[in-house]
Amino acid sequence: MTNEPGEKYTGSPGVTLSVTGLQVQVRRSASTWLELTCHSSCVLSDRPEYVWYKNEENIKRGSSLPVSSGSTDRYSCNLRGSYSHGSPAVYGPQRPSVSVSPSAEMLEGGSVTLTCSADANPAASYTWYKQDGTSDPRLLSEEPQLVFSSIQSSDSGNYSCTAENQLGRKTSEFISIDVKYGPQRPSVSVSPSAEMLEGDSVTLTCSTDANPAANYTWYKEHEDSPRASGQIFTITDFTAEHSGNYYCEAQNEMGRSNSTLLRITSSEKGGSSWSKTTAVAFTSVILLVIIILAAFLLIRKRSRPAERPDNNEIPPAEPCYATVSFSRNQEDLLLYSNVSPARPHRRKEEVEEVLYSGVNFESSGAASERRCEGAVDDSSALYSTVSKAPRE
């Protein structure tokens, strides 16, 4: 290769010129400390003298520099006296940024790519995570890009990436992925779940999973016009005309879906009245039987004979009064009555004397105010007062 003054180089190419500058090598010396070494592939003097820079400020001379792990500062080195050929700066990752493609709405089944990037030297490695509820983030990938070839509704959530090199580690902010999809097949419930009676209130509820949220419309089978709109359909006064099959339609901008048929039937109120009447009659019969049984037991208890007194105890006889009438003069008659009152059992040696008293007569036609139960008038009946003589 030759060159004439003022002219370009001429001749066939065969010489390659390469210039190798200074480089900073990073080596971990401890769990929290790193050692930076200035290195060059060029042949230098036996004892090169290096100068270290932190954020472009001269901080130290020497072949190596200790720094703390995770530092966000920039470090570089240079040969003393040669300030124009310093090494590239080394530094830990800056906070990563995340981009999404396509940036428009994500539709279920479409392709979506997430890309993580961070400024770092040496170059950073990347890791993707997904946040599921309140649990710790879940590791997904260790690549700069996270690709969904056919994204699903279950892929919706919050994602983040981490960039890391020998000098540090940084994590991006969360990015929310919201996958749009049409309604799933709706489910329908009815309340009350038992058989409806005429006049009752019936509530039908429709629900489905959709993004964005679905709108609901209620139909009766074989009818084109909707019966109601909204997630809840209430029939306040159910009649036989309301009986039939019902279904709901869920719809959003992504699609629509119908529920299965729900059959609703009613019973006439007469049947209900008959059942209530039967129940009332049955209850009345039971109460009547209980009352009769209680009365029978009470009567039986009262009609039991009184307990027989002890053989040694004889209750005293009550005095009985009767009306006495005579056809003759009172002076012509003198009657005595041997009357002994009832007494308790005594020993044989005890003897009781009876003192007879005079007999009082009432004239014919006079009546006593007190009568014995079952007593009859007898002209020959007498009444005498009997007193017991005191024992000596």
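This is a predicted model: local features need pLDDT of at least 70, side-chain atom pairs count only at pLDDT 80 or more; totals for chains, interfaces and linings use all residues.
Student: What does the chain average in pLDDT?

Tutor: The average is 76, and 67% of the residues score at least 70.

Student: OK, on to the cores. How many residues has the largest nonpolar core?

Tutor: It has 18 residues. L114, F148, I151, Y159 and I177 have the most contacts inside it.

Student: Which strands each supply at least two residues of this core?

Tutor: Those are β11 (112–117), β12 (125–131), β14 (145–148), β15 (157–165) and β17 (175–177).

Student: And what is Y159 in contact with, leaving aside its neighbours within four places in sequence?

Tutor: Quite a list: L114, Y129, K130, L140, L146, F148, E173, F174, I175 and I177. Two of those, L114 and F148, are also among the residues with the most contacts inside the core.

Student: Which residues does the second, separate core include?

Tutor: A228, Y246, C248 and A250 are included in that one, which has 17 residues.

Student: Let's switch to S141. Buried or exposed?

Tutor: S141 counts as buried because its relative accessible area is 16%, under the 20% cut-off. The residue lies in strand β13, which covers 138–141.

Student: Which residues is S141 in contact with, beyond its neighbours within four places in sequence?

Tutor: Y126, T127, W128 and L146.

Student: And what lies 3.3 Å from a polar atom of the S141 side chain?

Tutor: The backbone nitrogen of E143 does.

Student: New topic: what's the strand order in the open sheet of 3 strands?

Tutor: The order is β3-β4-β7, and the pairing is antiparallel.

Student: Which strands stand at the edges?

Tutor: β3 (22–28) and β7 (64–68) do. Each has a single partner strand, so one side of each is left without a neighbour in the sheet. From one strand to the next, the twist averages 30°.

Student: How many bridges join β3 to β4?

Tutor: There are 7, with β3 and β4 (residues 33–40) running antiparallel.

Student: What stands opposite V26?

Tutor: L36 in β4 is opposite V26.

Technical notes: Residues are numbered from 1 along each chain as its sequence is written. Side-chain values use heavy atoms; hydrogens and water are left out. Helices (H or I, at least four residues) and strands (E, at least two) are DSSP runs, numbered from the N terminus. Buried means under 20% relative accessible area, exposed over 50%, partly exposed in between (1.4 Å probe, protein chains only). A polar contact is a pair of N or O atoms within 3.5 Å; within protein, one must be able to donate a hydrogen and the other to accept it, and residues adjacent in sequence count only if both atoms are side-chain atoms. Contact means heavy atoms within 4.5 Å. pLDDT is the predictor's confidence in each residue, from 0 to 100. A nonpolar core is a set of buried Ala, Val, Leu, Ile, Met, Phe, Trp, Tyr and Cys residues joined through side-chain atoms within 4.5 Å. Two strands pair if DSSP finds at least two bridges between them. Axes are lines fitted to C-alpha atoms, for helices over the stretch in contact, and angles run from 0 to 180 degrees between N-to-C directions.
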